[in-house]
Amino acid sequence: MVYRPGYITESPQLLLFMVTLAAWEAGSGQLYYSVPEEAKHGTFVGRIAQDLRLELAELVPRLFRVASKGRGDLLEVNLQNGILFVNSRIDREELCGRSAECSVHLEVIVDRPLQVFHVEVEVRDINDNPPLFPATQKNLFIAESRPLDSRFPLEGAWDADVGANALLTYRLSPSEYFSLDIPPNHEQVKPLGLVLRKPLDREAASEHSLLLVATDGGKPELTGTVQVLITVLDANDNAPVFDRTLYTVRLAENVSIGTRVINLNASDLDEGVNGDIAYSFSSDVSADVKSKFHVDAVSGEITVTGLIDFEESKTYKIQVEAVDTGFPPLAGHCTVLVEVVDVNDNAPQLTVTSLSFPISEDTQPDTVITLISVFDRDSGTNGQVTCSLSPHVPFKLVSTFKNYYSLVLDNVLDRERVSNYKLVVTARDGGSPALLATASVSVEVADVNDNAPVFAQPEYTVFVKENNPPGSHIFTVSARDADAQENSRVSYSLVERRVGERALSSYVSVHAESGRVFALQPLDHEELELLQFQVSARDAGVPVLGSNVTLQVFVLDENDNAPVLIPPRVVGESNTMSELVPLSVGIGHVVAKVRAVDADSGYNAWLSYELVPDADSARCPFRVGLYTGEISTTRILGEADPVRQRLLVLVKDHGDPALTATATVLVSLVESGLAPKTSSRGVVGIVGSEDSLMGVNVYLIVAICAVSSLLVLTLLLYSALRCSAVSPVGAGAPGKPPVLCSSALGSWSCSQQRQQRVCSGEGPPKTDLMAFSPSLPQGPLSTDNVSVKYFSY
């Protein structure tokens, strides 16, 4: 039940529970209730949901729950009406013993968002325990010679209740010989006593029976009784007397067995056997005291015989009596009050309550991860506990209440950097030396899709030979995703575009799981020299993240095209041309020129010419230029030479294996004077045709040089822009050096980065620009004697 200022509940009947304060203190968030012990099941304690300002409809969705240290079944909350009620029997004496304050501490936890409330329910004492004496009968032996006002100690009653319910009053049945001596409140350690008010006369009354009644302060009152039976003894007149009736000793806990507590001293005025004293514990001393202490019967020294634990008992009250050996024996009594001094012998105890594991890596700071409670059985400074967290992690400990802490996220998490945190919570008390306890907390970080797949480099260059088999594997792309599980599962796909008039997917494909790139059809270097496309990598997370990589596929040339002869202007027999050569021509005279082209590029398109030897090759007066294809004389012609000669010219490229083509040249030797005018006119026509052809070649060469210069300048500009965009100067980015080919006859270069088609007016387009410097000497050329002929195919 909640007590609010200004509102008092009164009832003529005995209240089952009283009202206590329940207010929200600044920063503490604690609620106070009160309930009497022994309350029945279902007894109303308080409207906890209303007092915590929680709506009834949100209790179940927010996972409203109550946690209690120790006995967690005493109190329960009805989630339908938000009422805190008694769930099982509450025995205050069993729960808190003799402690003046007794409370049940509850933790109320709700989620969405996470909130923790501390509720303290005070268990009020009711008068349910009557006073109890150690025994139902007390026997006293008193000599008749005892003087008036002699005091005989009695063991008082004990009440398990506390407060007013444990305040005892005593009364003694009427007696003319004895009265009851009750010590004041400030001398509670002094026992009750019977005081002799009238001299005893054993002959008149040898026994006295009294009834001692103890009444507690509860309502209704409960009582306890003990029968005091007094036997009057004759003889020994003086009882032993201690130096003091009360001895106070401070003793540290955990002292070793045999440690001396105190030396008692009692004296007896009698002589002889009536003056010999034996020390012993009173019959009222509890078995617990007897198990922990021992008194020497002769010396009166009290020593430790058992474990002294401050947490078990803070004080020990020992009743000691000194009995003489007279007849009847007389006894003197004293009380030894042993105050136990606490030492730091109990390490703190840690309790970790996990709330939500694992935690997502996008969890916001200040989110509560774990609840931690500490407890130390020691008292004072020895029981003051501080908590710390190690190692240096993005978490912190926040004190929410006395000995209660929350493990709170202090910074953002990154699962890719640290996926699991091993935390150590250390609780250290204030004792000297300090004792500590540790608890390990493992915080697992759950992955979210915050990393896109990443390729090792933004662009790859692939070289593929033409005429590859359909479906051949040409490259494998691979992207790495730093996330885990589904978030790191990468799939690959083509970024579709058109290549000319066809779709990219008709040329290549990529395997979605392995990233293997396949060529779907044979590639032709003469048709497509460079295929550039992008491959996309996407993960399976939510939302989907991805990235692209560029592939530049260069189609390498294969020697798959044989040389092709350029058709002559005058067509005769296929691949055959006829030439009339005057016998008067000199050495080196160009008779004819064989022209051919190769659709391949590089070495595969580099052509060489040679005469096919025959039986009379040693006497043959002609030769062919190795790289020019010009047929010229090697000596002065004579009449001994055959009039008609058949020359077979073999045109061969430099591929592996080399491909060839052949041309047949029919040479007829004629006398110069016998040459008809038509021949002169033919020669003039031929010379005119050659002059015209040379003019065309000059213009063609000039045009090719201009276009090549412009192309080189464009390529240099493009390469500089690409290099500056990909990597800074001096970063050591891999380049694409040109392929340099050389031979004994010259050198030529071909850029692997980009190739440009060069077209000649005399044949089909070429795919490479070759520049070479022959090292072999060429025969002399005479522009006056040059004759140009065309093959007839």
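A residue counts as buried when its relative accessible area is under 20%, so Cys387, with a relative accessible area of 18%, is buried. Welcome to this structure, which is a predicted model.

**Cysteines**

- The structure has one disulfide, and Cys96 and Cys102 form this bond with their sulfur atoms 2.0 Å apart.
- The torsion about the S-S bond of Cys96 and Cys102 is about 70 degrees, and therefore the disulfide is right-handed.
- Cys705 has a relative accessible area of 45%, so it counts as partly exposed.

**The largest cavity**

- Rolling a probe the size of a water molecule over the atoms shows where empty space is left.
- Two cavities of 30 Å³ or more are found in the structure, and the largest holds about 50 Å³ of space.
- Its lining is made up of Gln30, His105, Leu106, Glu107, His118, Val119, Phe401 and Tyr404.
- Two elements, β8 (103-110) and β9 (115-124), each give two or more residues to this lining.
- Strand β8 contributes the most to the lining of the largest cavity, with three residues.
- Sorted by class, the lining of the largest cavity has four nonpolar residues, three polar ones and one charged one.

**The second largest cavity**

- About 40 Å³ of space lies in the second largest cavity.
- Around this space are Glu107, Val116, His118, Leu371, Ile372, Thr400, Tyr404, Tyr405 and Ser406.
- Strands β9, β28 (368-375) and β31 (404-409) are the elements that provide two or more residues to the lining of the second largest cavity.
- The largest share of this lining comes from β31, which supplies three residues.
- Five nonpolar residues, three polar residues and one charged residue make up the lining of the second largest cavity.
- Glu107, His118 and Tyr404 line the largest cavity, and Glu107, His118 and Tyr404 also line the second largest cavity.

**The sheet with β35, β44, β43 and β38**

- These four strands form an open sheet in the order β35-β44-β43-β38, with mixed pairing.
- At the edges are β35 (459-465) and β38 (490-494), each of which pairs on one side only.
- From one strand to the next, the twist in this sheet averages 30 degrees.
- Strand β35 and strand β44 (residues 546-556) run parallel and are joined by seven bridges.
- Within this pair of strands, Glu459 stands opposite Thr550 in β44.

**The sheet with β46, β53, β52 and β49**

- Here, four strands in the order β46-β53-β52-β49 make an open sheet whose pairing is mixed.
- The edge positions belong to β46 (576-582) and β49 (607-611); each has a single partner strand, so one side of each is left without a neighbour in the sheet.
- The twist in this sheet averages 30 degrees from one strand to the next.
- Strand β52 (residues 644-653) pairs with strand β53 (residues 660-670) in the antiparallel sense, over nine bridges.
- Across this pairing, Lys652 stands opposite Thr660 in β53.

Methods:
Residues are numbered from 1 along each chain as its sequence is written. This is a predicted model: local features need pLDDT of at least 70, side-chain atom pairs count only at pLDDT 80 or more; totals for chains, interfaces and linings use all residues. Side-chain values use heavy atoms; hydrogens and water are left out. On a 1 Å grid over the protein atoms alone, a cavity is a set of points where a 1.4 Å probe fits but cannot get out, and a pocket is an open set with protein on both sides within 12 Å along at least five of seven lines; lining residues have an atom within 4 Å of a point. Grid points are joined across faces, edges and corners, and a volume is the space filled by probe spheres set on the points. Ala, Val, Leu, Ile, Met, Phe, Trp, Tyr, Cys and Pro count as nonpolar, Asp, Glu, Lys and Arg as charged, and the others, Gly among them, as polar. Two strands pair if DSSP finds at least two bridges between them. Axes are lines fitted to C-alpha atoms, for helices over the stretch in contact, and angles run from 0 to 180 degrees between N-to-C directions. A disulfide is a pair of cysteine sulfur atoms within 2.5 Å. Buried means under 20% relative accessible area, exposed over 50%, partly exposed in between (1.4 Å probe, protein chains only).
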